[in-house]
Amino acid sequence: MCDHCVIESVRERMLSRRDLFSAAAGAAAAATVTATPAIAGAHGGAVDMTYTLDGAFPTWSGPPGIIISELARFSDSGFNAKLLTIGEHTGTHIDAPLHFSADGQSVDEIPVENLVCPLCVIDIREKAAAEDDATVTPDDLAAWIAANGPIPDGACVAMNSGWEAHVATSKFRNIDDNGVQHYPGFHIEAAQMLIEETGAVGLAADTLSLDIGASQTFETHYAWLPTNRWGIENIANIDAVPAAGATLVVGAPKHRGGSGGPARVIALV
């Protein structure tokens, strides 16, 4: 089929789909009312915990994590399409267990029930304002538990270090004269406490890494991910959710054998 024929065919189908949608609008609205997911009934709204991704977004390694090129333009072809060349660990993304283990779950193997979970937010903003290499420690977890009760089974435990304030500046990576990055993360002892004493399945950091930026050994990654738990890095809008009570929904990618990938992360509050 010639290019002109393809374009005209697309345009004709677009028109016919509009007619179809108009005719079906009433029935679709009725179906939506009766099919509301039960989990949404306990929440009043949703918060987008995801950064908009483009080539300027900071990455752990430095080079742009995504290249976006144009394949088709509506004014020329009757539709828009882009080609994405992207690193798995770019923007707001999930680390699958396979990322730091020889045989852990790949991103497509993470059980879907583990991707909808209670959200527990550990606030270390005061510490992080005084010390770039601040960590979430067992004492911080104990303080959260004292204030909010036990960490629920299947929870994601998220760090709020206030680092989002630096996302548009060089301090987000915060590289010193020796090329070492400095920003907060989870202490390995906190990760071990969660593994041994709770049923938490996820960690989330509002920085580029679950470990502190200065880490050269990635102890928290190596402790956490090989237990078939996952992590989120560069979580956004952490200030907009409560310390307890929200439900996190992780729209993880599902490419075979992946070590992770950009994710649309939403909190129901």
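This is a predicted model: local features need pLDDT of at least 70, side-chain atom pairs count only at pLDDT 80 or more; totals for chains, interfaces and linings use all residues.
Colleague: What is the mean pLDDT of the chain, and which element has the lowest mean?

Modeller: pLDDT is the predictor's confidence in each residue, from 0 to 100. Here the chain averages 89, with 84% of its residues at 70 or more.

Colleague: How many helices and strands does the chain have?

Modeller: Helices (H or I, at least four residues) and strands (E, at least two) are DSSP runs, numbered from the N terminus. The chain has six helices and 13 strands. For contacts, the rule is heavy atoms within 4.5 Å. Among contacts between residues at least 6 apart in sequence, 73% join residues at least 24 apart.

Colleague: What share of the residues is buried?

Modeller: Buried means under 20% relative accessible area, exposed means over 50%, and partly exposed is in between (1.4 Å probe, protein chains only). Of the 269 residues in the chain, 41% are buried.

Colleague: Give me a case. Where does Val47 sit, and what does it touch?

Modeller: Val47 is in strand β1 (residues 46-48), and it counts as buried at 13% relative accessible area. Leaving out residues up to four places away in sequence, Val47 touches Asn237, Ala240, Val241, Val265, Ile266, Ala267 and Val269. Take Val269: it is 222 residues from Val47 along the chain, yet their C-alpha atoms are separated by 7.3 Å.

Colleague: And in the loops, which residues does Trp163 contact?

Modeller: Trp163 lies in the loop between β7 (156-160) and β8, buried at 2% relative accessibility. Setting aside neighbours within four places in sequence, its contacts include Ala128, Asp132, Phe172, Tyr183 and Thr207. The C-alpha atoms of Trp163 and Arg125, 38 residues apart along the chain, are 8.2 Å apart.

Thr207 is in the loop between β9 and α6, with a relative accessible area of 0%, so it counts as buried. Beyond residues up to four places away, Thr207 touches several residues, among them Met159, Trp163, Tyr183, Glu233 and Asn234.

Colleague: Which residues have a positive phi without being glycine?

Modeller: Two to look at. Phe218 has a phi of about 55°; it sits in the loop between β9 (202-205) and α6 (219-224) and is buried at 18% relative accessible area. Asn234 has a phi of about 65°; it's in the loop between β10 (230-233) and β11 (246-251), buried at 1% relative accessibility.

Colleague: How many disulfides are there?

Modeller: A disulfide is a covalent bond between the sulfur atoms of two cysteines. The test here is a pair of cysteine sulfur atoms within 2.5 Å, and the count is zero. Cys117 is in no disulfide, and its nearest cysteine sulfur, in Cys156, is 5.2 Å away. For Cys120, the closest cysteine sulfur is also in Cys156, but at 8.1 Å, so that is too far for a bond. Cys117 is buried at 1% relative accessibility, and Cys120 is buried with a relative accessible area of 1%.

Colleague: Last one: what volume does the largest pocket have, and what lines it?

Modeller: On a 1 Å grid over the protein atoms alone, a pocket is an open set of points where a 1.4 Å probe fits, with protein on both sides within 12 Å along at least five of seven lines; lining residues have an atom within 4 Å of a point. Grid points are joined across faces, edges and corners, and the volume is the space filled by probe spheres set on them. The largest pocket holds about 230 Å³. Of its 17 lining residues, Trp60, His89, His99, Leu208 and Glu233 are the closest to its centre.

The second largest pocket is about 180 Å³, and its lining includes Asp48, Tyr51, Thr90, Pro262 and Arg264.

Note on methods. Residues are numbered from 1 along each chain as its sequence is written. Side-chain values use heavy atoms; hydrogens and water are left out.
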